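Subject: Structure for you to look at, with notes

Hello,

Please find below the structure I promised to pass on. My notes come after it.

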Amino acid sequence: MLCNLGSIVTYASAAVAAFAGLAMAEIAPAVSYNNTLVYQRADPQVLKHTDGWYYFTGSVPAYDKVVLRRSQTIQGLSDAEEVTVWDRAKSTAGVGYVWAPELHWIGDKWYIYFALGRRSEFDIRMFVIEGEGENPLTAAWTEKPFIGTDYDTFSLDATTFEADGVRYLCWAQADPRYDNGAGTSLFLAKMDSPWTIVRPTTVVSRPALAWERIGHFVNEGAYVIQRNGRIFMTYSASATDHNYAVGLLTAPQGADLTDASVWTKAQQPVLKSNERTSQYGPGHNSFTLSEDGLSDLIVYHARQYKDIVGEPLYNPDRHARVQKLYWREDGTPDFGIPVPDGLTPVRLRAFGCGRSYLKHNENAAATLEGGVPVELTQFRIVEAGDNVRLEATSFPGRFLSVAEDASLRLVAEPGADADFVQAAGLADEAGVSFESAGRPGEFIHAESGVVVVKALASDKDNQGATFYTE
Ligand SMILES: *[C@@H]1O[C@H](CO)[C@@H](O)[C@H](O)[C@H]1NC(C)=O
């Protein structure tokens with residue numbers, strides 16, 4: 001037996017896996033993107049529309065306009081031409097900051113929600129523009145009124161989604177009943193038009209946990225993804241420096257989401273700064289789908305250095321990034337860590353071993369395991385001449401290398417023992433196999449959780465040496 005798991009599911013492809021009862025999102029093939037995606041665009045949103053285009057918007061460093069770009073691939077957004085669809089200088093609606101635009105297609109029109117300083121820079125309220133036309137870059141845009149809420153206070157970061165046929169608005173707002181109106185809570189309401197909500201409104205999350213109250217008391221930047229019978233709402237907390245982090249709220253599908261008691265809040269952030277990958281203050285994310293429609297992706301901003309001179313608001317270096325969102329067997333999302341710049345990593349799932357993956361254990365031998373944090377199973381496949389190396393995502397600059405005892409451990413100075421010849425999977429061409437360059441004829445092989453390089457002598461050995469990239 002190759003695997004030491006309780007129940008073994010043998011499958012070779014997405015189709016077979018779906019047949020075996022595994023949800024698509026759980027076994028989606030690898031994606032490949034090159035970060036950073038878009039420089040100096042914070043609060044990034046990527047929307048995959050039914051017309052096949054990806055649309056991108058985000059805050060510009062001058063906070064004075066709403067921009068859009070589009071591409072038929074996500075990577076293409078990096079250098080797609082950007083157009084200004086709303087310019088504060090050409091409007092009488094407001095004079096202050098323009099923050100966090102979000103594009104939505106509702107009915108048969110486009111809407112962009114953004115925060116706008118009404119009478120002064122920080123007199124921030126939620127504003128809406130409506131666009132007519134298939135392509136929002138060239139649509140005719142008209143201004144709608146500011147969105148009225150229960151209190152005339154600082155309010156921003158509107159997002160909208162439909163759940164069980166009901167359209168909701170979620171936003172961040174200073175609540176006079178909490179912290180004396182300092183900071184922002186997350187509010188939710190049903191909508192009766194794309195620019196009006198049903199009152200009274202509900203508070204679904206307050207900045208009550210220590211990690212939500214660093215620098216400022218903040219819950220903001222919500223976005224929703226609906227999977228596995230649940231509504232997952234991410235939001236961001238604390239000041240927009242390296243303390244900024246992503247939190248998660250969950251509600252069951254079918255619930256009245258304006259009943260605050262249906263929401264469960266994760267007590268720890270689900271995505272936060274990572275010193276080793278040099279990504280700081282990840283947050284204000286959105287979700288989209290890969291080009292093949294199989295992988296969920298998180299799009300967020302982060303800085304690549306920790307210390308900011310001056311007020312974070314005026315630092316332009318929040319760059320938009322994209323990475324794969326993984327799902328655990330229990331149907332909850334595993335955000336992992338903000339991955340390093342450059343090509344996105346993959347995980348290596350073993351042939352015939354259900355959901356178990358090659359896992360590095362730093363200086364101890366690599367293993368094959370399921371149910372472990374995704375970042376311990378992520379590797380970047382790096383070209384090294386004609387060979388490849390497997391770089392640990394949670395230890396950039398360290399590579400799996402064959403040790404004396406044929407096990408695989410991370411090393412910082414890779415030699416021939418860290419070089420592998422990558423080829424089609426020996427037991428299934430849809431997979432991959434890795435032959436050691438330092439020990440020709442020996443392949444990375446997993447059996448009963450144990451990972452070694454060894455010579456292969458049977459079909460069963462070939463299976464043990466076959467992996468799928470996810
Ligand atoms: C990724 O992007 C960087 C910066 O634009 C570029 O230098 C690098 O060559 C790209 N890598 C790949 C594999 O495309």
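**Overall**

Please keep in mind that this is a predicted model. The protein chain has 3 helices and 36 strands. Its radius of gyration is 24 Å, close to the 23 Å that the globule rule gives for 470 residues, so the chain is as compact as a globular protein of that length. The C-alpha trace spans about 75 × 45 × 45 Å along its principal axes.

Of the 470 residues, 56% count as buried. The chain exposes about 18100 Å², and carbon and sulfur atoms supply 50% of that area. As for contacts between residues at least 6 apart in sequence, 52% of them join residues at least 24 apart.

**The cores**

In soluble globular proteins, nonpolar side chains tend to be buried together. In this model, the largest nonpolar core has 31 residues. Those with the most contacts inside it are Trp 99, Phe 161, Leu 186, Leu 188, Met 233, Leu 257 and Trp 263. Several strands supply at least two residues each: β6 (98-106), β10 (155-163), β11 (166-173), β12 (185-193), β15 (219-227), β16 (230-237) and β17 (245-252). The largest share, 4 residues, comes from β16.

Another core, of 24 residues, lies apart from this one; among its members are Val 388, Ile 444, Val 451 and Val 453.

Which residues does Leu 186 touch, leaving aside its neighbours within four places in sequence? Leu 186 is in contact with Trp 171 and Ala 172, with Thr 202, Val 203, Val 204 and Ser 205, with Asn 219, Glu 220 and Ala 222, and with Met 233, Tyr 235 and Leu 249. One of these partners, Met 233, is also listed with Leu 186 among the core residues with the most contacts.

The strands run antiparallel and are joined by 7 bridges. Arg 227 stands opposite Arg 230 in β16.

Is β15 enclosed or open to the outside? In β15, 7 of the 9 residues are buried, so this strand is largely enclosed by the rest of the structure.

**His 104**

The side chain of His 104 makes a polar contact of 2.7 Å with the side chain of Glu 102. Leaving aside neighbours within four places in sequence, the contacts of His 104 are Gln 45, Lys 109, Trp 110, Tyr 111, Tyr 113, Thr 159, Thr 160 and Tyr 223.

**Loops and backbone details**

Some backbone features to check when you go through the loops:

- The peptide bond from Asn 35 to Thr 36 is cis, with omega near 5°. Thr 36 lies in the loop between β1 (34-35) and β2 (42-48).
- Gln 40 is found in the loop between β1 and β2. Gln 40 has a positive phi of about 55° although it is not a glycine. Its relative accessibility is 30%, so Gln 40 counts as partly exposed.
- The peptide bond from Arg 199 to Pro 200 is also cis, with omega near 5°. Pro 200 sits in the loop between β13 (196-197) and β14 (202-205).
- Glu 362, in the loop between β26 (357-361) and β27 (364-369), is a residue other than glycine with a positive phi, near 50°. Glu 362 is partly exposed, with a relative accessible area of 37%.

Where is Glu 121 placed? Glu 121 is in the loop between β7 (109-117) and β8 (124-132). At 43% relative accessibility, Glu 121 counts as partly exposed. The C-alpha atoms of Glu 121 and Val 95 are separated by 6.6 Å, and the two residues are 26 apart along the chain. Not counting residues up to four places away in sequence, Glu 121 touches Gly 96 and Tyr 97.

Regards

How values were computed:
Residues numbered from 1 in each chain as written. Predicted model: local features only at pLDDT ≥ 70, side-chain atom pairs only at ≥ 80, totals over all residues. Heavy atoms only, no water. Core = buried A, V, L, I, M, F, W, Y, C linked by side-chain atoms within 4.5 Å. Buried < 20%, exposed > 50% of the residue type's maximum accessible area, 1.4 Å probe, protein only. Contact = heavy atoms within 4.5 Å. Polar contact = N/O pair within 3.5 Å; in protein donor to acceptor, adjacent residues only side chain to side chain. Pairing = 2+ DSSP bridges. Rg over C-alpha atoms; globule rule 2.2 N^0.38 Å. Areas by Shrake-Rupley, 256 points an atom, 1.4 Å probe, with all protein chains shown as cover.
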